[in-house]
Amino acid sequence: MRDQQATAAMEAGGRERAGLHGDGPLLVLGAAGTGKTELLARRLARLADGGTPPERILVIGSTRATARRLRERAEALVQGPFEELWVGSWDTIGERLLREHAEAAGLDPFFDVLGPAERLAMLLDRLDQLPLRRHEIRGNPAGLLARLLARIDALKSERVGPTTLEQRARAKEEAASDEADLESMRREIEFAELYTAHDRILAEAGSLDRGDVFLAFDCLLAERPDLRRLIATRFEYLMVDELEETTPAQRAILEALSRDNPNHLYALEETDLSEPAEGEARGGPRTDALARPQDPPSPPAQLPGAWFRDLFPQGDVVVLGHRFREPALRFWRCANERAQSQAVAREVEHLLAAGADPEKICVLVAEPGRQGGAVAAAMEERGIPFHLSGPAALFQRPEVRDAIAWLRALAKPDDSPAVARALTRPPVELRPGDLARLTTIARRRKQDMVAACEAALDSPQFQPEARERIQSFLKLYNAASAAMEERRADVFVRRLIERVGLRRQRLFAAQPEVAERLLGLSRLAELATAWARREPHGSTRGFVAYLSAVAEAGVEPAGGEEPPSPASVQGMAIDAVKGIGFDHVFVLGLEGEADWSRIGWPARSTLVFSRLERGEEGEAQPSRFYAEALAVAAGEEEEHGEELFGPAEGLHATYRTLREQVLEASWRAGRELSEPRLDTAIDVNRAIARYLELLKLAALAQRPGDEPTAEAIEAVNGLLRQVATTEQQAELDASSLDSYLLDSEHERGRRRELIAARAEPSLEAFLPRRGDGRLSLSASDLSLYLTCPLKYKFARVFGIPQEPTINQRFGILIHNVLERFHKEPPANDEDGLRELTGLFETGWRRTGFGATDDELQFRDRAREALRLYWERERVAEGEPVWLERKFDFKVGEHHVRGRVDRVDRLPDGDYELIDYKTGERRTAAELESDLQLALYRLAAREAWEVEASAGSYYYVLDADKVAAPTKPDDAERVERTVLQVGEGILGQDFEPRPSPSVCGWCDYRLICPAAES
Ligand code: SF4
């Protein structure tokens, strides 16, 4: 085997050598930004100029974006005419070649390649046929199936089929030593069965998934050597960009083709913070963070570099040095997710103010569907156009959500959030107070919201203007409702968009994002067309069910690229950024397990790595990637806290940003002074002008009194004019700093006005008050408001009716069973379990639970949990003395009410307050600042004059009781919280607090503006 280091070290000009490479295999190694993609495009052009027909050169990029860039460069570089360029992504090239040889592969030539959304819809349609008893569904089959589909895709890319998976699991099952291992292997066997069922369902529909394309193609090449030779020689040269992104299944295809033609050139990213010399080899284990390869998947996969050397022992390796992009690295430590989003939005605002192009700024998150919302909300607060792309991004666009709301409302009139959105968005735009009146009617009469609209027309509570709006809604609704039953899904969706005026409103809105929004609606209509093609006999309701499921699960719908987003800051998933370049890139969420070593080098100017100090689960540690990158770069962390009062942190932040610019400008000017040129004086004057502006900001930030900003700026400008030269003054006059500061002040004023406007008495009548006019708050109200004030508003102020979820119904059943059981305790121990089980079984039947896998899972878990409950109860020291005991007491001006599930008297005479939970178990550490039990203890003292020494959560499904820590200042903390929440509600402060874990389960996502981008 040729020694890689020796080979490369011999070459002084790796780049030229790679560009001039003729026949035979070659591996081009280089860090991101060293021009590997450009090298491939140039080589294609050189081969074409040398007489190789371009259509006989196959070039494959890992993503559509990389392939598009390669194609554009190649088209620009190839001089002569050509039939076509075979430049594309793995997906397009693989599908095209397989389709050409479909018959030989035993496939229908018209096979469909289905994306995750279509497969999800197929599985949901056949949910009752799927083996899912051992997989927790928890009321969200779409979410579970989306995760299982992602695992199937990963296995296919590793060439692991269901049979192999099952064999492995069975072997481990035999060797399992405890019940937990056994159960885990049984679940794995069930997953292998699901995998088989998935493939069977696809095959019955004459379809493949993307993983199948490569597996089928690989099989074809193995079984038909004649075809393999034909394909391998049809392309004289084959080039693959981003070899590190290829899967074992794709590399198996390369291996097969190389047997008949070894003219393969692969570009492989080798990232490193240090700068290699041109032509220098870099082999062996790497220690720095950015150079660390991904952990090998299980079973360990061969790394692409080693794979190349095994495949072509005599193959050349060339290393490219000299990275073209050399961004400044920055490291952020953010107090929490909101602080992080605010910091990004603040920084972006400064960049835009300094003239940066928004399209050249990018924010990267692991999952845009989950984490993009917080960034979108922070950008929104500052009025920064932000475009989030990614699988679920289409469903976060307001116009698409409007259309989905109408579709859902038409399919199910009792889908209250959908009806509420259709009512409150254009073209109806019902006012918030009128919406609250409507929900009151719906609740009182136990009607759905559409029926409540009919009733509202006769109600004197509504002003004529509100009645007109409701009437226009009903007119549209009734017309669309009739058409829904008669038309095909695609025709209906297009008509609905026209009829409801979604497209028209946008056309006349005359806003810059109009084109983008129209494209979003078109994409929705395309989805309907694709669905109708696949399901020719499907109804529009079927399409709505499909659309709701894929939107909920956040999976990528098939068909078409995302529409462009002009003049917007880009937000995307980390794995979508490869091959795309930006000036400024923010990589968020680098804590815990986040290991984004394969992000490439996507920034030219600044690359910010950010991590949270506190995540959803509490305190968070920096990821290994972040920590090592920080150490390698010898960087310093910048700290970012949450801005409680929104983005108006003003002058100080501007000062900090400008301070950096001044240092940069002085460095540049200093370099020029060392080698003077004709325009050196201009750069020096520019640097001095920036410094004078820094002085101006320092003066403004420290000015005493509350003189208006405009006057203060004018006064400082007057003083600066006395010291600046004419050239420096010209620079100062050309600067946009003054107008930026004035705009910021104006924005702050506007925000204040908005907040003031929010305090209009419009929702006053709907705040949850008692007869005495005081607010009435429960522990769950407090927790709801603290989690997200907007969610509180939807649930408690508007009171939008909601169908209880399976989790909620189950929780109620368990509470009822335990209450009944303790009210009439068994006469003797022998009867206890029988009685408890009997109560549960009766309740189960009466509550209308069925026999789906989801429901049966709840039943199985409950039976086992109740058995453990009884065992625990038999030996428990405490004795229940009160069940479901209510309380009501006052804190300040507010009523605090609620009920405690169970109060036990302990052997020493003390009392323990117990709350049953059927959700996820939390540890004592996680309950450190728990509010609910602290509030219950205060309630026991105030309302019942009972001192409770302890408070515990009983996690029924885990058969575990966890005591919440008690602290001396608990009562004071509860009172303070009640007063704060009360003040917020009375002040009608219902600002959203988006966070992935909460929004992911929020019933009001469809109407929530913070869930949009
Ligand atoms: S989706 Fe998120 S931000 Fe919106 S109301 Fe629900 S929890 Fe609040």
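Glu 693 is in contact (heavy atoms within 4.5 Å) with Leu 658, Leu 732, Ser 735 and Leu 737, leaving aside its neighbours within four places in sequence. The residue is found in helix α27 (residues 680–701), helices being DSSP runs of H or I with at least four residues, numbered from the N terminus. Glu 693 counts as buried because its relative accessibility is 2%, where buried means under 20% relative accessible area with a 1.4 Å probe and protein chains only.

This is a predicted model, in which local features need pLDDT of at least 70 and side-chain atom pairs count only at pLDDT 80 or more, whereas totals for chains, interfaces and linings use all residues. Residues are numbered from 1 along each chain as its sequence is written, and side-chain values use heavy atoms, with hydrogens and water left out.

A nonpolar core is a set of buried Ala, Val, Leu, Ile, Met, Phe, Trp, Tyr and Cys residues joined through side-chain atoms within 4.5 Å. Two such cores are listed here.

| Core | Residues | Members include |
|---|---|---|
| Largest nonpolar core | 135 residues | Trp 406, Leu 423, Phe 473 |
| Another core, apart from it | 37 residues | Ala 232, Trp 307, Phe 308, Val 319 |

In the largest nonpolar core, Phe 473 is among the residues that touch the most other members. Leaving aside neighbours within four places in sequence, Phe 473 is in contact with Trp 406, Val 419, Ala 422, Leu 423, Val 428 and Cys 453.

The ligand is surrounded by residues including Cys 788, Lys 791, Phe 794, Val 998 and Arg 1005. Helices α32 (789–797) and α38 (996–1000) each supply at least two residues of this shell.

Note on methods
A residue is near a molecule or strand if one of its heavy atoms lies within 4 Å of it. Buried means under 20% relative accessible area, exposed over 50%, partly exposed in between (1.4 Å probe, protein chains only).
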